[in-house]
Amino acid sequence: MSDPYASRTAVHEERTDGFGTVRVLPLDAERDAGVLHRWVSEERAAFWGMNGLTRDQVAEIYAHMDTLDTHHALLLVRDGEPAALLQTYEPDADRVGECYEVRPGDIGVHLLLAPAGPDGTRPGWTSALIGVVTAYVFRTLGRTRIVIDPDVRNAKAIARFLKQGFTAGPEVVLPEVDLPDVYLPEKRAQLSFLDREVAFPG
């Protein structure tokens, strides 16, 4: 089967024994909207905040993000199949920056995994993809600390990141954002952090 993503230039590539090759591609808002719309429309993605949006609305959101220097969207593709949506952002240009003391070298991350296939859950899948994200952020981008802000109700995601070496920070309330191009309701979040020396000691 041919790889529909083969012609696209990756910003990072990671091969993991037993898992495959994951390429990190800049998101193409129009081309990737169909895949993203399917993912964000599922009940399991409720915390992503896009349930109920149309495909075109999803495309518009990511087309707008593409105009920003501080927020970026990327598609993780494993052996030619889309595996996750990654968003990175500068915490001091985001509402999370109002809720903790931002350090130089910090970067914010949001990660949405592709739904499980017809064979059900995939052991090691989440761990491998988070490993790719940390390698991209720390080695390719040269950042020193990741901050995540999952909804406090999303216990599954919080546990997943803590298992991966993240340290829980404070529980905070992210303020509502009401701008012409973006609306985000207030969110109670569990901040967690991962330092580069924890992910890649030595």
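Reply: Begin with a single residue and place it in its element. This is a predicted model, and in it Arg145 lies in strand S6.

Me: Is Arg145 buried or exposed?

Reply: The idea is to compare the relative accessible area with a cut-off, and buried means under 20%. Arg145 has 7% relative accessibility, so it counts as buried.

Me: Which residues is Arg145 in contact with, leaving aside its neighbours within four places in sequence?

Reply: Tyr100, Glu101, Arg103, Gly105, Asp106 and Ile107 are among them. The list also includes Phe138, Phe193, Leu194 and Asp195.

Me: How do I read charged side chains in general?

Reply: Side chains of opposite charge can pair when their charged atoms come close. In this chain there are 21 positive and 31 negative side chains. The centres of the two sets lie 6 Å apart.

Me: How many salt bridges does the count come to?

Reply: The count comes to 12 salt bridges. One of them joins Asp149 and Lys187, whose closest N and O atoms are 3.6 Å apart. Asp149 sits in the loop between strand S6 (145–148) and helix H4 (155–163), while Lys187 belongs to strand S10 (residues 187–195), so this pair ties together parts that are 38 residues apart in sequence.

Me: Are Asp149 and Lys187 buried or exposed?

Reply: Asp149 is buried, at 4% relative accessibility. Lys187 is buried too, with a relative accessible area of 16%.

Me: What does a salt bridge with partly exposed residues look like here?

Reply: Take Glu42 and Arg44, whose side chains meet in a salt bridge at 2.7 Å, N to O. Glu42 has a relative accessible area of 29% and is partly exposed. Arg44 is also partly exposed, at 42%.

Me: Which residues are linked in a network of salt bridges?

Reply: Glu30, Arg55 and Asp56 form such a network. Within it, the side chains of Arg55 and Asp56 meet at 3.3 Å, N to O. Arg55 counts as partly exposed at 30% relative accessibility, and Asp56 counts as partly exposed at 48%.

Me: Now the whole chain. How many helices and strands are there?

Reply: The chain has five helices and 10 strands. Its radius of gyration is 16 Å, close to the 17 Å from the globule rule for 202 residues, so the chain is as compact as a globular protein of that length. Along its principal axes, the C-alpha trace spans about 45 × 45 × 30 Å.

Me: What can I read from contacts and from the surface?

Reply: For contacts, look at how far apart the partners are in sequence. Of the contacts with a separation of 6 or more, 59% are between residues 24 or more positions apart. For the surface, look at the total and at the atoms that make it up. The accessible surface is about 10,800 Å², and 50% of it belongs to carbon and sulfur atoms. Buried residues make up 44% of the 202 residues.

How values were computed
Residues numbered from 1 in each chain as written. Predicted model: local features only at pLDDT ≥ 70, side-chain atom pairs only at ≥ 80, totals over all residues. Heavy atoms only, no water. Helix = DSSP H or I, 4+ residues; strand = E, 2+ residues; numbered from the N terminus. Rg over C-alpha atoms; globule rule 2.2 N^0.38 Å. Buried < 20%, exposed > 50% of the residue type's maximum accessible area, 1.4 Å probe, protein only. Contact = heavy atoms within 4.5 Å. Areas by Shrake-Rupley, 256 points an atom, 1.4 Å probe, with all protein chains shown as cover. Lys, Arg positive; Asp, Glu negative; His and termini not counted. Charge placed at Lys NZ, Arg CZ, Asp CG, Glu CD. Salt bridge = Lys/Arg side-chain N within 4 Å of Asp/Glu carboxyl O.
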